[in-house]
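Here's a quick briefing to read with the model open beside you. Have a look at the sequence and the fold, then work through the notes by topic.

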Amino acid sequence: MAQPHAPAPLKEGLIHEPASEHGGGFPPFESSTFVAQILWLALAFGLLYYLMSKIALPQIAGILHDRQTRLSGDLDQAARAKSEADGARDTYERALKDAQSKAKGIAQTTREQLAAEAETRRKSLEADLAVKLAEAETQIRTRTATAMGSVREVAADAATAIVERLTGQAPDRAAVEAAYDRTAETVH
């Protein structure tokens, strides 16, 4: 059989009273310890307040200040970079417009130059053709006159030969040429 639980031996000077089942209570609610608890609460709160106000909160404030300073610096730097980018974009756009204007000017000048050269060549060719045409017309007139002079002589010779063969007598050359002239006037 099991022996009942024996109380622990007592040390000298200590009084050990077994706790009753509902006796004693929760220590923070015991009225006899209120003054000590309030004193320790004030000391702990004061120490905690001192530590927070002198160590932790200044460090946190320093961190927040550094963060705010860094953010302000970053925002200022971003604003400067944006301003520089806007300036660079404006410069680029101006340079692009200038380049386009110059390109248009060069193209226009080149077009005008080529048109002037083509016009000069055209006029030169027209002048050459006019000279050649005049020379050709002169040659045609000369050859036509030569041919017409030869036609008159050939016609007179042929008419003389025909009349001589038909009649047996050669006609007078002046009469044949006069007859040719009358015939030529009626044809024209």
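Predicted model: local features only at pLDDT ≥ 70, side-chain atom pairs only at ≥ 80, totals over all residues.

Across the whole structure, a search turns up nine salt bridges, and three of them are picked out below, in Arg89–Glu93, Glu119–Arg122 and Glu137–Arg141.

- Side chains of opposite charge can pair when their charged atoms come close.
- Arg89 pairs with Glu93 in a salt bridge, and their closest N and O atoms sit 3.8 Å apart.
- Glu119 and Arg122 join their side chains in a salt bridge, with 2.1 Å from N to O.
- Both Glu119 and Arg122 belong to helix 1, where they are three residues apart, or about one turn of the helix.
- Glu119 has a relative accessibility of 30%, so it counts as partly exposed; Arg122, at 36%, also falls in the partly exposed class.
- Glu137 meets Arg141 in a salt bridge, this one at 3.8 Å from N to O.
- Glu137 and Arg141 are four residues apart in helix 1, which means about one helical turn lies between them.
- Glu137 is partly exposed with a relative accessible area of 38%, whereas Arg141 reaches 52% and counts as exposed, because the cut-off for exposed is over 50%.

**A network of charges**

- Salt bridges link Lys82, Asp86, Arg89, Asp90 and Glu93 into a network.
- That network takes in both partners of the Arg89–Glu93 bridge.

**Where helix 1 meets helix 2**

- The crossing of helix 1 and helix 2 is right-handed.
- On the helix 1 side, the contact is made by Val151, Arg152, Glu153, Ala155, Ala156, Asp157, Ala159 and Thr160.
- On the helix 2 side, the contact residues are Arg173, Val176, Glu177, Tyr180 and Asp181.
- Sorted by type, the residues of this helix 1 to helix 2 contact come out as six nonpolar, one polar and six charged.

- Is Thr160 buried or exposed? Thr160 is buried, because its relative accessible area is 13% and buried means under 20%.
- Thr160 sits in helix 1 and, leaving aside neighbours within four places in sequence, is in contact with Pro171, Arg173 and Val176.
- Arg173 and Val176 are also listed on the helix 2 side of the contact between the helices.
- Where does Gln169 lie? Gln169 is in the loop between helix 1 and helix 2.
- Gln169 has a relative accessible area of 58%, so it counts as exposed.
- Not counting residues up to four places away in sequence, Gln169 touches Val163 and Glu164.

Methods. Residues numbered from 1 in each chain as written. Heavy atoms only, no water. Salt bridge = Lys/Arg side-chain N within 4 Å of Asp/Glu carboxyl O. Helix = DSSP H or I, 4+ residues; strand = E, 2+ residues; numbered from the N terminus. Buried < 20%, exposed > 50% of the residue type's maximum accessible area, 1.4 Å probe, protein only. Left-handed = near helix turned anticlockwise from the far one by under 90°. Contact = heavy atoms within 4.5 Å. Nonpolar A, V, L, I, M, F, W, Y, C, P; charged D, E, K, R; others polar.
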